[in-house]
Amino acid sequence: MGRLKERFQGFVNNRWLVFVAAMWIQSCAGVGYIFGSISPVIKSSLNYNQRQLSKLGVAKDLGDSVGFLAGSLSEILPLWGALLVGALQNLVGYGWVWLIVTGRAPVLPLWAMCILIFVGNNGETYFNTAALVSCVQNFPKSRGPVVGILKGFAGLSGAILTQIYTMIHFPDHASLIFMVAVGPAMVVIALMFIIRPVGGHKQVRPSDGLSFTFIYSVCLLLAAYLMGVLLLEDLVSVSHSLVTIFTVILFFLIIVPIVIPVVLSFRDEPRDPAEEFLLPKPEQQEVGKTGQDAQEQEVIFSEVEDEKPKEVDLLPASERQKRIAQLQAKLCQAAAEGAVRVKRRRGPHRGEDFTLMQALIKADFWLIFFSLLLGSGSGLTVIDNLGQMSQSLGYDNTHIFVSMISIWNFLGRVGGGYFSEIIVRDYAYPRPVAMAVAQLVMAVGHIFFAMGWPGAMYIGTLLIGLGYGSHWAIVPAAASELFGLKKFGALYNFLTLANPAGSLVFSGVIACSIYDREAEKQAHQHHIGPQISGTSSIFSGMFSQDEPLKCEGSICFFLTSMIMSGFCVVAAVLSLVLVYRTKIVYAHLYGKSRT
């Protein structure tokens with residue numbers, strides 16, 4: 001009995017259990033990605049035009065990205081407390097919107113609706129912060145795969161919620177808003193006590209590589225399954241019982257990763273002796289060494305970084321360590337004899353722990369920010385306007401494209417984390433090069449949307465989804481490598497401000513202005529004919545003026561998409577500048593892992 005209790009306690013404190021629970025929370029936490037499905041309902045129910053709807057989209061993006069409060073509360077409250085606050089915000093914000101859309105509550109002015117959307121979507125920042133902070137601390141040497149998988153499930157949540165909505169078979173589309181309000185809150189409250197740091201660096205096992213392979217296999221199978229199900233439901237009339245079976249299988253694929261912590265906790269396995277060396281432990285310093293001595297050693301090491309020739313970082317690992325050790329010994333001896341005065345550092349070097357204020361004065365930080373603003377901002381413009389884009393090209397079912405971009409977004413995040421990890425681990429090359437590739441892929445995707453060729457919606461959704469998703473696996477991992485883990489929550493939440501900043505300009509100003517201008521042109525052309533044909537047509541044209549303006553054809557988003565494509569090219573250039581600046585940093589961080 002005692003043995004079983006010990007194993008159960010090990011299961012509760014297993015870092016893989018925390019990771020799997022975080023995956024479940026993230027799988028329903030990205031409610032912002034389903035905005036393209038609920039926006040037509042809000043637009044028709046409240047008689048909004050495209051400009052007003054775009055303002056709601058910007059409020060949604062602000063709520064999704066302004067995470068200062070979430071970051072601050074996660075340092076003050078336990079992580080379960082931060083998750084509870086996020087769940088309540090999600091419930092209140094979207095719940096009130098559902099009451100208004102269904103006529104159960106009085107209609108509020110546009111600014112009040114923006115606040116409700118902001119509050120509801122701001123709950124995501126608590127979910128993301130708690131999941132990422134706990135799992136990055138539990139998996140300090142696998143941050144690329146961990147961030148990619150967690151952010152991937154957040155991107156997949158739109159397709160998951162859409163499938164659940166199809167199974168429940170609500171009588172009206174407004175019920176999707178109700179499900180967005182209630183579903184994530186229920187899941188988060190059920191799992192909030194599991195999400196926490198559990199000393200994961202002490203739980204390294206030889207089977208960790210196999211466990212990650214299993215998770216990646218489940219991710220690929222889940223994406224392929226969802227894509228097949230959604231295409232089948234779109235092309236063929238599927239019975240409700242079959243939809244229910246599809247959804248049950250979906251739940252099984254989401255739950256199956258729980259076998260990893262179960263097997264690891266209830267099966268004896270030797271620990272990896274390397275676990276003691278994964279993280280620096282101040283308590284392992286020599287007893288006789290004082291804090292001043294330790295600080296002096298740190299300063300000496302910093303001086304070595306400043307004095308060593310740049311070509312040292314390009315040497316093989318063994319030779320590089322030998323040269324650095326020789327230089328450090330000379331500096332220590334010279335400093336002890338008074339021949340050299342060691343300079344005191346004014347701040348951390350790249351690769352060490354930065355505070356947010358220290359990072360804000362670094363050019364590398366702003367290169368990441370503006371590259372993310374242009375790249376992810378253009379992708380978010382497509383996500384927010386996907387319903388209108390598909391309608392303008394003659395597609396009646398907008399849900400299929402919202403679900404598809406959610407799946408490609410998921411694969412982009414998982415793949416971005418996986419391939420960028422190969423780049424840094426196997427080649428010691430800067431991770432941002434993967435972001436430059438993703439941004440060039442997005443530039444091509446925007447061109448497909450602009451041209452409106454047959455099948456362009458499918459190809460454009462694929463390319464934009466993959467490229468946009470890759471940003472959110474690459475950027476957090478790169479930021480943690482260049483600026484440290486100590487203040488990762490604050491750094492991450494500041495970088496996410498690039499999303500609403502890009503959306504505010506690209507979607508709230510550029511896209512909606514061009515769309516409304518083209519819609520007004522088409523409305524004017526349609527009204528000229530009826531005025532000539534007869535009086536009855538004149539009256540019908542007068543009554544139709546209150547309806548929201550609609551634009552048809554590829555012209556609606558042609559100019560917008562071409563502008564977005566240009567922004568993606570500029571973003572790729574910024575990413576390549578960052579690659580050039582950080583080559584030596586990554587060679588120092590990961591060069592020792594190569595033979």
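**Helices, a disulfide and salt bridges in a predicted model**

Methionine 562 has a relative accessible area of 32% and is therefore partly exposed, since that class lies between the 20% limit for buried residues and the 50% limit for exposed ones. The structure described here is a predicted model. Methionine 562 is located in helix H24 and belongs to a nonpolar surface patch that also includes Ile447, Met451, Trp453, Ile555, Phe558 and Leu559. Together the residues of this patch have about 570 Å² of accessible area. Two or more residues of the patch come from each of helix H19 (432-451) and helix H24 (555-581). The greatest contribution is that of H24, which supplies four residues.

One disulfide was counted in the model. A disulfide is a covalent bond between the sulfur atoms of two cysteines. In this case the partners are cysteine 551 and cysteine 556, with an S to S distance of 2.0 Å. The angle about the S-S bond is -95°, and the link between cysteine 551 and cysteine 556 is left-handed. Cysteine 551 counts as buried because its relative accessibility is 3%, and cysteine 556 counts as buried because its value is 0%. Two further cysteines were examined for accessibility. Cysteine 135 has a relative accessible area of 0% and is buried, and cysteine 219, at 1% relative accessibility, also counts as buried.

Helix H20 covers residues 456-483 and has 28 residues. At 1.5 Å a residue, a helix of this length should span 40 Å, and the C-alpha atoms at the ends of H20 are 40 Å apart, so the two values agree. Of the 28 residues of H20, 24 are buried, so the helix is largely enclosed by the rest of the structure. The residue that follows H20 is glycine 484, which has a positive phi near 90°.

At the N-terminal end, H4 is capped by asparagine 49, which has a side-chain oxygen 2.8 Å from the backbone nitrogen of glutamine 52.

Side chains of opposite charge can pair when their charged atoms come close. Across the whole structure, seven salt bridges were found. One of them is between arginine 15 and aspartate 208, with an N to O distance of 2.5 Å. Arginine 15 is part of helix H2 (residues 15-26) and aspartate 208 is part of helix H10 (residues 208-235), so this pair ties together parts that are 193 residues apart in sequence. Arginine 15 and aspartate 208 are both buried.

A further salt bridge joins aspartate 364 to arginine 581, whose closest N and O atoms are 2.6 Å apart. Aspartate 364 belongs to helix H16 (residues 363-384) and arginine 581 to helix H24, so the pair connects parts separated by 217 residues in sequence. The two partners fall into separate accessibility classes: aspartate 364 counts as buried at 2% relative accessibility, whereas arginine 581 counts as partly exposed at 37%.

Glutamate 421 and arginine 431 also form a salt bridge, with 3.0 Å between their closest N and O atoms. Glutamate 421 lies in helix H18 (residues 399-427) and arginine 431 in the loop between H18 and H19, so the pair ties together parts that are ten residues apart in sequence. Glutamate 421 has a relative accessible area of 9% and is therefore buried; arginine 431, at 0%, is likewise buried. Glutamate 421 and arginine 431 also belong to a network of salt bridges that includes Arg425 and Glu481.

Terms used: Residues numbered from 1 in each chain as written. Predicted model: local features only at pLDDT ≥ 70, side-chain atom pairs only at ≥ 80, totals over all residues. Heavy atoms only, no water. Expected span 1.5 Å × (residues − 1). Buried < 20%, exposed > 50% of the residue type's maximum accessible area, 1.4 Å probe, protein only. Disulfide = S-S within 2.5 Å. Patch = residues over 30% accessible without salt bridge, like charges linked within 9 Å, V, L, I, M, F, W, Y side chains within 5 Å. Areas by Shrake-Rupley, 256 points an atom, 1.4 Å probe, with all protein chains shown as cover. Salt bridge = Lys/Arg side-chain N within 4 Å of Asp/Glu carboxyl O. Polar contact = N/O pair within 3.5 Å; in protein donor to acceptor, adjacent residues only side chain to side chain.
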